[in-house]
Amino acid sequence: MIRVEAISKQFVDVQALHQVSFEVGANEVVGFLGPNGAGKTTLMRMLSGFLMPDEGSIEVAGFDSIMDSQEVKRRIGYLPEYCPLYPEMRVDEFLKYRAVIKGVLGRRIRDRLQTVKMQCGLEQVGRRIIGQLSKGYRQRIGLADALIHEPELLILDEPTVGLDPHQIRQVRSLIKELAKEHTVLISTHIMQEVDAVCERVLVIRSGEVVAANTVDGFRRDASLDRSVIIEIQCEASAFNTLIESVTWIDVVGVDVLTDDWLRLDLSLQEGYSAESVFVWAAESNLALRLLQTNESSLEEAFVAAMDGKAGS
Amino acid sequence: MIRTFMCLLKRELRVLFYTPLAYAVLFFFWLLSGLNFFWLLQQLADGERLTMALQLLFNGPLLTFSLPVVVPLVTMRLIAEERRLGTLEAVLTTPISEIQFVIAKFVSAFIFYLILWLPALIYCGVIHSLCLTQDVVFLDVGVLVASFTGVIVIGLFYNAVGLLMSAFTTNQVVAAIAGFAVLFGSLLLFMLMGYSTQYEVIRNLGQFFSTFTHMLDFSRGVIDSRVVLLYLGNCIWLIYTTIRILEWKRS
């Protein structure tokens, strides 16, 4: 769906992007992860056709972004950072206006309007003035706008920035829903967001792609599937006796919780996983109320990639 | 393509009339037109010839010197506001071209400019009906056509200057001040050059470029094709430059 070859962009004395290359297949959900100022927005703006690369080429669905920019733009639904909208317009009016300038034909506009309003949860606010709506609604209007012309590719620049946790959850679940039928590119500096919605991650630092991997790949690289946190009901001394005979578990940390349960940070040897821990706890007649992979390790893996210490 | 253009134009006109500033500008300009009409009637009552008095409707000093203020107030938000809101990015990532976008902005501002001149048209109708009832003098259609030609070509140029200034900045006030400075500055400069007695070259240059002199000629019924071409040419290169600025900011 997207082929980016060695694109570079210079703003006066700042090298925003340098020799960035990657490919994205159809119906993939790819996250661009990087700290603020890494070049994510510049890359998004180039992919959307708003900025031109100084060097290199961008191909979307087989069309060159400079030579066939109109064709490329027809295939892209773009939600810019901060979701710019016309505050004086009503929601329906705005979406109809955007549908027309994106080339949706008259008879299709009404259908598309109903569909995107339903997808984005805007049925109740069609007559409301955009400037009077909350940030969450405005973000959804931006998403509806990106979807109105049925694009093959969605480019979402920091789609959850400025939203409260409830709204973040709604937008993420909407993106997951959209990912079933669209290729989605998301830029973010929030690692949990990448984990929640993306299949593949490109880590960008100082205008360069420093790591590219699937989320599972990052997890594997960080030995995440072998770093597990559990909570069991057991006395500390009894647990020490019990664990002595288990050679494939290394206990990294033990906390005795206020209700006398034990919280354990475990590192498993190769070939073992969270399922092995579950089976072991069941066989040992241990009451188990928590079993999770260590999320902080994924965060550490991303941070290490951003610092240039990891990647593939 | 036409459908998209009409959609862009419709939005531009709506947003123009959404702002209270548009109504303030209309009120101010129409008030000046009314004062000019009142002045014209007084001159007619004093025995002035209709053709001479009619010049006041289009070339009264109140209108001539208020246009460099009024036009930038209307055009200042055209592109500056889109850039400030960030909506320029949203618009230019749709399949519409910069040309469509800029022309729609320009046409909307020009339509507003024509609305500013509506009272002058109505006053012409009033004078015409007065002429018919008095059965003495007839309104000179040639003078009217020339005057409106002047209003139109000068309006095209003024609006194109305002549009260009709006493309330079994200700040509407800066765009308005820059537009005013260019229009008022050139109006004064060429007018003063036209009155220069010492150097003939400067006087000729001033008279050739002076909007004040041009409007005076138009309102006397003189249509100089060189002047019309001068304004149309200026309008075209100003719009072209505006488009290039938008492209340049994206490159």
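Contact means heavy atoms within 4.5 Å. Ala, Val, Leu, Ile, Met, Phe, Trp, Tyr, Cys and Pro count as nonpolar; Asp, Glu, Lys and Arg count as charged; the others, Gly among them, count as polar. Helices (H or I, at least four residues) and strands (E, at least two) are DSSP runs, numbered from the N terminus.

The model is predicted: local features need pLDDT of at least 70, side-chain atom pairs count only at pLDDT 80 or more, and totals for chains, interfaces and linings use all residues. Residues are numbered from 1 along each chain as its sequence is written, chains are lettered from A and ligands numbered from 1 in the order in which they are written, and side-chain values use heavy atoms, with hydrogens and water left out.

Helix 10 of chain B covers residues 172–194, and helix 11 of chain B covers residues 200–209. Their axes come within 7 Å and cross at roughly 135 degrees. This makes helix 10 of chain B oblique to helix 11 of chain B. Axes are lines fitted to C-alpha atoms, for helices over the stretch in contact, and angles run from 0 to 180 degrees between N-to-C directions. Angles under 35 degrees count as roughly parallel, over 145 as roughly antiparallel, 65 to 115 as roughly perpendicular and the rest as oblique. The crossing of helix 10 and helix 11 of chain B is left-handed. A crossing is left-handed if the near helix is turned anticlockwise from the far one by less than a right angle, and right-handed if clockwise.

Helix 5 of chain A packs with helix 6 (residues 165–178) of chain A at an angle of about 15 degrees, the axes being 10 Å apart. The two are therefore roughly parallel to each other. Their crossing is right-handed. Gly136(A), Arg140(A), Leu143(A) and Leu147(A) of helix 5 meet Gln167(A), Gln170(A), Val171(A), Leu174(A) and Leu178(A) of helix 6. This contact has 5 nonpolar, 3 polar and 1 charged residues.

Helix 3 (residues 91–101) of chain A is mostly covered, with 9 of its 11 residues buried. Buried means under 20% relative accessible area, exposed over 50%, and partly exposed in between (1.4 Å probe, protein chains only). Among the buried residues are Asp92(A), Phe94(A), Tyr97(A) and Arg98(A). The cover includes helix 4 (106–119) and helix 5 (135–147) of chain A, together with helix 1 (2–18) and helix 6 (87–92) of chain B. Gly103(A) follows helix 3 of chain A and has a positive phi, near 85 degrees.

Cys83(A) has a phi near 45 degrees. Cys83(A) sits in the loop between strand 6 (76–79) and helix 3 of chain A. At 7% relative accessibility, Cys83(A) counts as buried. Gln19(A), in strand 2 (residues 14–24) of chain A, has a positive phi of about 50 degrees. Gln19(A) is partly exposed, with a relative accessible area of 40%.

Thr211(B) lies in helix 12 (residues 211–219) of chain B. Thr211(B) is buried, at a relative accessible area of 8%. Not counting residues up to four places away in sequence, Thr211(B) touches Ile154(B), Tyr158(B), Leu187(B) and Tyr231(B).
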